[in-house]
Amino acid sequence: MTEKYQSIDFKDKLSRFSKHWTPHTVARLNDYDFKLAKVKGEFVWHSHADTDEAFLVVKGSMRIEFRDGAVELKEGQMYVVPRGVEHKPVAEEECSILLIEPAGTVNTGDAGGELTAEEAWV
């Protein structure tokens, strides 16, 4: 077995950071990033005008709130937020998620602010 071919171990990658709401890219597929993040509490209301955003729960549970409702996600479940739809991720307890979105997508979308994360690989 060579070092050239290695799987991506989510558990290992998640153990390398602890800060909430700071996505870390673990792979790139064409122009899309696969980003792991730990989330807890409430994020900011925001939208992404030019792209959909996929949330897949790796561990724990969370909900994505919309102005007219919400979707609950448990471990192993995912949801795709359509482009332009304002949303706010919320997790009562720490939750690990995988985000799938175009490279360069800013986590706070159109909202900006102090929770805007710099691009980081893990």
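Modeller: Sorted by class, the second largest pocket's lining has four nonpolar, five polar and four charged residues (Ala, Val, Leu, Ile, Met, Phe, Trp, Tyr, Cys and Pro count as nonpolar, Asp, Glu, Lys and Arg as charged, the others, Gly among them, as polar). This is a predicted model, where local features need pLDDT of at least 70, side-chain atom pairs need 80 or more, and totals for chains, interfaces and linings use all residues. Numbering starts from 1 along each chain as its sequence is written, and side-chain values use heavy atoms, leaving out hydrogens and water.

Of the 13 residues lining that pocket, Lys 35, Thr 105, Ala 117, Glu 118 and Glu 119 lie nearest its centre (a pocket is an open set of points on a 1 Å grid where a 1.4 Å probe fits, with protein on both sides within 12 Å along at least five of seven lines; lining residues have an atom within 4 Å of a point).

The largest pocket's lining has four nonpolar, two polar and four charged residues, including Phe 10, Lys 38, Val 58 and Cys 95. Helix H1 (10-14), E3 and E7 each give two or more residues to that lining (DSSP runs numbered from the N terminus: helices H or I, at least four residues; strands E, at least two).

Ten bridges join it antiparallel to E2 (residues 32-42), with Asp 33 partnering Glu 101. E3 (residues 53-59) runs antiparallel to E7 through five bridges, and Val 57 partners Ile 97.

Note on methods: Two strands pair if DSSP finds at least two bridges between them.
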